[in-house]
Amino acid sequence: MSTDTAPGRASDEEPSGATSDEPDATDATDATDDTVSELLTEAAARAAVPGAAPAPASSAAASETPSGTTSEGTPEGSPGADEPGGPTGAPDASADPGDLPPSARPLTAALLNLSGLGLGYLHLRAWVRLVVALAATAGLAWVALPIGRDPIAVWWAVGYVGALAVLALDAALLARRRARHATRRRTVWSPRVAGRVAWATLAVVPLLFAGYVVTQHEVLEEYLAYDLDQAHESLQGAGSVFGPFRDEYDAAYATYVRTADEYPGTRAADRVPGLVDDLYAQAKGEDACNALTVVRHYAEPGTPGPLQRVAEADMPGALHDCGLRSADLGQFPTAKKHLTELLTDHPVSDPAAALPGDLEKWRDGLLKDLAGKDGCDDTVHVTGSTGFLAGFDSGKVSALADKARTQVPAGLLRCGVQQLERRQYAASAQNLAGLLESYPRAKEADYAERVQIAASIALVDPRAGVKVPARDEPEGTITLTVYNYSPDEFEMVYTGPATGVVEIEACDDCEYVPEGEDPECSAYSLTHPSTTVTLPKGDYITATRSDGIVQGWLGNEVDKVSFTASGGFCTWTYDH
């Protein structure tokens, strides 16, 4: 009977030629099974690669038993390395994860490293490389955290993604090198578990990046909202006049424009149009001329943002409104400047087309007020309005002065009388003098001159203003002849039952009289100029007038004389 072991049956005893450290297939420990599994899969991988070097003879010899079985207990004739069920074939679904081919490990290690946590090096137990991978991620976190209003520079992210690619490639090469050299070093996970971990952690970097982008955007929104709120609050204390607070308005507007330009897709940028409208309205305020200042400021070329176009469009209306406002206040030079600019620079604008009609309404309002009892201020406005309106190049505007001009004299006279009654002698004399100068042929000129004389004398002696000169004086009953013995022209003003002026030409043959001496005055003279006036009898206050200024006789007080009979007197000038 033969003692040889039958083919296909494993020997129960260890052959003498086998090494003592190879375990039996049924009694092997878990650690030994893993080691053998790795050796088999590595050998299968090498066999599957074309041109791979054959296993060393000594290793082959050590793996066979004298009875023809392999060291793993596989009977001869079972599926070999080159057969479909063998190590080089596709792994069986029921096979242990440790039996998966090592050629899958490079991809797995690479995917694990793409997480940024160095899991590929952890899987391969490459501790130094693991520290390097974690250091790269920690460096990026140190740059990106804490999250501020601006994201990190793009080149940091690009550099980190490049580093991940390098780490993934390095892990793949390391795994491939170990598989190629049949390195017996264990891995943390089996190939199947490692693959699951790799695919699960592959989304870590995109998720972290998306989370960073969302968080950073919200942080930016908070910063921008704070900036806008601060800019808005800085305007709460701004007054109604733009000039003193120009810097505050400009700073707030710059914040609004910068937010809209640099962060157009943010919620803060959506708030900017409303904030700009509020700033513009607040800066203009209620005063038309203050609004014109604001419009001019923001209409300047180079002004950033939307206000430049808005202010340019508002310029004609602002000029129109400020011009009329200035005219209402009697500031005619200012009004003339703005309205002329409107007609010159914006002739086809709606405000320019409406200006003649608006000025006509304004003029009619002034003329209507002239009939009031307290029309002195309006009279001043109407008087100024005639020159104001007549000064425009536009025929439609300048023609408006004609109607005002016909009603000004009556208004000035009425105002002068009211001022005399209120003992406002200087104002009365000034207004009536303006009437006489501007409207010498007006029907009101004669009476205005007499009231103006009374007011002028009252400046020297208030008794002259006690009674307003009558419009219809009584007829004269006495004759008074005044002779001029002076080389200067002579004017005598008087008020009483009648009011008027005596004007005498200079005496060409006369000389100044030494002070303290009196010239020989004759009641009749053919050589001295004279003037004769007819006056009602009564008491009169008389004074002299030179260059429109009333003063007392010889520079002293006025005289109060009673003319009761016809007669004459002489006047002369002392030598100073």
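Trainee: Which residue has its backbone oxygen 2.9 Å from a polar atom of the side chain of asparagine 290?

Mentor: Welcome! This is a predicted model, and asparagine 290 sits in helix α11, residues 288-298. Its neighbours, leaving aside residues up to four places away in sequence, include Ala283, Lys284 and Gly285. Of these names, the one whose backbone oxygen lies 2.9 Å from a polar atom of the asparagine 290 side chain is lysine 284.

Trainee: Which backbone nitrogen does the side chain of asparagine 290 reach at 2.8 Å?

Mentor: Look at another part of the contact list, where asparagine 290 touches Ser240, Val241 and Phe242, among others. The side chain of asparagine 290 comes to 2.8 Å from a backbone nitrogen, that of phenylalanine 242.

Trainee: Is asparagine 290 buried or exposed?

Mentor: Buried means under 20% relative accessible area. Asparagine 290 has a relative accessibility of 9%, so this residue counts as buried.

Trainee: How many residues apart in sequence are the parts that the pair of cysteine 289 and cysteine 322 ties together?

Mentor: Cysteine 289 and cysteine 322 form a disulfide, with 2.1 Å between their sulfur atoms. Cysteine 289 belongs to helix α11 and cysteine 322 to helix α12 (residues 307-328), so the parts tied together are apart in sequence by 33 residues.

Trainee: What is the handedness of the disulfide of cysteine 507 and cysteine 510?

Mentor: This is one of two disulfides in the structure, with an S to S distance of 2.0 Å. Both cysteine 507 and cysteine 510 are buried. The torsion about their S-S bond is about 65°, so the disulfide is right-handed.

Trainee: Which residue in β3 is the bridge partner of tyrosine 494?

Mentor: Strand β2 (residues 490-495) has five of its six residues buried. Five bridges join β2 to the antiparallel strand β3, residues 500-504, and the two form a hairpin with four residues between them. Within β3, tyrosine 494 has as its bridge partner glycine 500.

Trainee: And which residue in β6 is the bridge partner of valine 493?

Mentor: Strand β2 also pairs with β6 (residues 538-546), where four bridges join the antiparallel strands. In β6, the bridge partner of valine 493 is alanine 543.

Terms used
Residues numbered from 1 in each chain as written. Predicted model: local features only at pLDDT ≥ 70, side-chain atom pairs only at ≥ 80, totals over all residues. Heavy atoms only, no water. Buried < 20%, exposed > 50% of the residue type's maximum accessible area, 1.4 Å probe, protein only. Pairing = 2+ DSSP bridges. Polar contact = N/O pair within 3.5 Å; in protein donor to acceptor, adjacent residues only side chain to side chain. Contact = heavy atoms within 4.5 Å. Disulfide = S-S within 2.5 Å.
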